[in-house]
Amino acid sequence: MNRRTFVCTAAGAIVDLCHGLRNAHAISALTPVGAGVGNADSCIFVSPNGDDEHPGTALEPLRTFHAAQLAARELKKKRSGEFSVYFRGGIYYLPETIVFTPADSGAEEAPVVYRSYPGEHVVLSGGSRIKPHWTPYRDSILQTAVPPGTQTDQLFVNGKRQVLARYPNYDPNAKYLNGWAEDAISPERVKRWADPRGGYIHALHEYLWGSLHYEITGTDADGHLTYEGGWQTNRPAPMHKQYRYVENIFEELDAPGEWFLDKKKNILYYYPPKGLDLKNAVVEVVRLKHLVEMRGTAQSPVKWIDLRNFTFRHTLRTFMETREPLLRSDWCIYRGGALLFAGTEDCHTEECVFDQLGGNCIFVSHYNRRFHAVRCHLAEAGANGIAFVGDTEAARSPLFSYNDRHTIDELDLTPGPKSDNYPEECTVEDCLIYRTGRVEKQTAPIEIDMAHRITVRHVSAYDVPRAGINIGDGCWGGHHIDFCDIFDTVMETGDHGSFNSWGRDRWWETKGIDFDALPAGKYAELPVLDVLEPNILSNSRWRCDHGWDIDLDDGSTNYRVYNNLCLNGGLKLREGFYRICENNVLVNNSLHAHVWLNDSHDVFRSNIVCTPYRPIRMREWTQQIDYNLLHDPDRRTPIPAKSLQDLSRHDEHSFEADARFIDTATGNYNVQPDSPALQLGFANFNMHDFGVQAPELKAIARTPELPSSTRRKSVTLDSTRSPAVVLWEGAKVRNIVGLDEVSAAGTPGETGVTVLEAPQGSTAGKAGLTPGDVILGFNNSPVKDTQDLLRYTRQAGRGMHASITILRYQQESAVRVALE
């Protein structure tokens, strides 16, 4: 099978080191016709220089993908066995989306393979090449007429995506949104724009839980923008007050690399970078949302079609269509991508490149069985890398909002799904995925929702705004994440991890159920009605510098977490059931236990941690937390791990000692034969084969930065805020401190004042404040810390009433306090 080597240029475009696009036609001419391919009778040939009237032979190839598809249907009727459709090198601009139906299916003994010709580079494009005639407009901006009706949201010059005119200007080094400005939509800014209709506002979620996007519809009588949108996450909130920008505004065309299309006048404006030979440049626009679709049903699926060795480019952005909620997870999605698989069995994508696509790269939707993506390279996508998403109607007793709750009488107590309309037994293996989420921030390189037995193995994923791998619910379990290398995640958002999961399944916070006593009661099986089999995280390396390495969030249930190397952010377990975590190494960090339920049947044993645990609102700890080693590089003689015991009230057999790591400088955190960890049941595991293994991918894949030491210090979660307790209106309060408290309370960052005690007879208690409430506002002024709260109270004066904004169970409300 043809192997190619790729690199990502500084501008983000993937370049084939074997053959550049400009030489594609020359390669086609130089390669001997038919060399290195199968029997001519079992092949169809396609070339950019072909003709759809030709028979599709090596000497007389077809020209288009659609013609090749029709020829393949006819060839199937005439012969048995595998056959291939070979595409000669070059760019194929698709006039419309290629749609495979059951009529195109192969069979197990006779798969249909669409592939590039050996040694040649083939691009399938959803765009068009234009031939501009540039003339000066003003300053350094050029203009050209384009064909009437030209519609594009992206411009590519020499294979590199350019910047749609925006404010503030694109900054590759900015932490958020490649540049943000608080005044992006201020009336003063808006006055500069003659007609902002059709522009876009992009902003982070108020709590940094993803991003929100709006289309500008005009201005009102007061000069304020009017717009619609903001539906892209399933946790509704206003846009962030600071982290926002606007684009597609003509007056903001003021920097090299920026462009704007006037659709009414059919004029394209472009500010070329210095040194660009624009006269000989390849200029492309984008037309299609999807490049290839495979559309069948469970009763009549598309079967046994392989796509191999293609580069997929040029799809439209779909952020304004991201609005379908995924049960009670935080996600909304657009159900589509450059490749859409819907109703397939045994269809594969191998050794393909997905380059700078506007939305999702691969979307596996509804019924699919045994889909495989192998040795693929995905980079610079606007949204997700590979998404497996089933049908919400397949879930029993589905709810679609975080705040929705069932009563027990409303629940369907039948285990498992209602239908088979979901992905199952699918695999992503040996794939390199990075810099996804260039536009949409509530996205991931790998996304799994309402699916069963999805295997993700030997995947390297990094440089992404949110999680590297996200499992949005417990429906229906059996997933296995194995030998992956996931790092540099949560780069533009917050309260998340390199791995993130939710388990807000039908059982979660059901009304009328005592979950602390659930495993011993009548409804003991309730938490696993949806997650039928354990999800497994194993043999993988994780690093998150802006959250947790592994974050099992709300309700995540039935997990096996073993043989993982966590390099920075530790392991978080929020409330849930049946999580077994053993034989993991948590470098410079520890277990983050958040609001566990009593008798959760969680297990944490035979792990190596480097700091004491970090509990938040813990009442009871599982009785199976023991045999762990607290690493202290200065302690050669083991002693009881009292700091762990004091927190967990267990860990009777746990030690504190030097773990005796073999070679931390090279990332080998296995232990030497005399390590006390071995006495506690720890076993060394493979620390050499994380991430991609294909030589051409491994040669270009990055690996995470290794910690400089293993001293007792968490570089991720330390805080400079004071934890001092103060008295306010008879209540004991203190600042929200650290990411753990931010996550447990659900605050918009490290801000606010948490209530520790509010006696019933106190002013605060009479007003209805309770322990766990977080004070965020005082008479419409933000309360960032206890100093703010005390200052506003003094300014208001005794005997006055104050409106206090509180956060309770991650919902804002107001209480009225009579100040004393």
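Student: Let's start with aspartate 195. Is it buried, partly exposed or exposed?
Tutor: Aspartate 195 has a relative accessible area of 36%, so it is partly exposed. Keep in mind that this is a predicted model.

Student: What does the side chain of aspartate 195 meet in a salt bridge?
Tutor: The side chain of arginine 197, at 2.9 Å from N to O. Arginine 197 counts as exposed because its relative accessibility is 52%.

Student: How many salt bridges does the structure hold?
Tutor: There are 49. Take the one between arginine 317 and glutamate 247, where the closest N and O atoms are 2.7 Å apart. Those two sit 70 residues apart, so the pair links distant parts of the chain. Arginine 317 is in the loop between β26 and β27, while glutamate 247 is in strand β19.

Student: And are arginine 317 and glutamate 247 buried or exposed?
Tutor: Arginine 317 is buried, at 13% relative accessible area. Glutamate 247 is buried too, at 4%.

Student: Which residue does aspartate 488 form a salt bridge with?
Tutor: Arginine 702, with the closest N and O atoms 2.8 Å apart. This pair also links distant parts of the chain, 214 residues apart. Aspartate 488 lies in the loop between β44 and β45, and arginine 702 in the loop between α6 and β64. Aspartate 488 is partly exposed at 23%. Arginine 702 counts as partly exposed at 34%.

Student: Which residues are linked in a network of salt bridges?
Tutor: Arg235, Asp330, Arg504, Asp554, Arg574 and Glu575.

Student: New topic: the largest nonpolar core. Which residues touch the most other members?
Tutor: Phe87, Tyr114, Phe312, Phe354 and Phe499, out of 85 residues in that core. Helix α2 gives the largest share, 5 residues. Apart from this core lies another, of 20 residues, including Val755 and Tyr792.

Student: What is tyrosine 114 in contact with?
Tutor: Beyond four places in sequence, its contacts include Phe65, Ala68, Gln69 and Ala72. Phe87, Phe100 and Ile305 are also among them.

Student: Back to α2. How many residues does it have, and which are buried?
Tutor: α2 has 14 residues and reaches 20 Å from first C-alpha to last, close to the expected 20 Å. Its buried residues are Phe65, Ala67, Ala68, Gln69, Ala72 and Leu75.

Student: What covers the buried residues of α2?
Tutor: Strands including β3, β4, β6, β7 and β8.

Student: Where is serine 42 found?
Tutor: In the loop between α1 and β3. Serine 42 has 10% relative accessibility, so it counts as buried. Leaving out residues up to four places away in sequence, serine 42 touches Leu75, Arg79, Glu82, Phe83 and Ser84.

Student: What order do the strands have in the open sheet of 4?
Tutor: β9-β22-β12-β13, with antiparallel pairing. The edge strands are β9 and β13, each pairing on one side only. β12 and β22 pair over 3 bridges. Phenylalanine 156 stands opposite glutamate 284 in β22.

Student: Last one. What pLDDT does the protein chain average?
Tutor: The average is 93, and 94% of the residues score at least 70. Over residues 1-32, though, pLDDT is below 50. It also stays under 50 over residues 713-717. Where pLDDT is low, the predicted coordinates should not be read in detail.

Terms used. Residues numbered from 1 in each chain as written. Predicted model: local features only at pLDDT ≥ 70, side-chain atom pairs only at ≥ 80, totals over all residues. Heavy atoms only, no water. Core = buried A, V, L, I, M, F, W, Y, C linked by side-chain atoms within 4.5 Å. Buried < 20%, exposed > 50% of the residue type's maximum accessible area, 1.4 Å probe, protein only. Contact = heavy atoms within 4.5 Å. Expected span 1.5 Å × (residues − 1). pLDDT = per-residue confidence, 0-100. Pairing = 2+ DSSP bridges. Salt bridge = Lys/Arg side-chain N within 4 Å of Asp/Glu carboxyl O.
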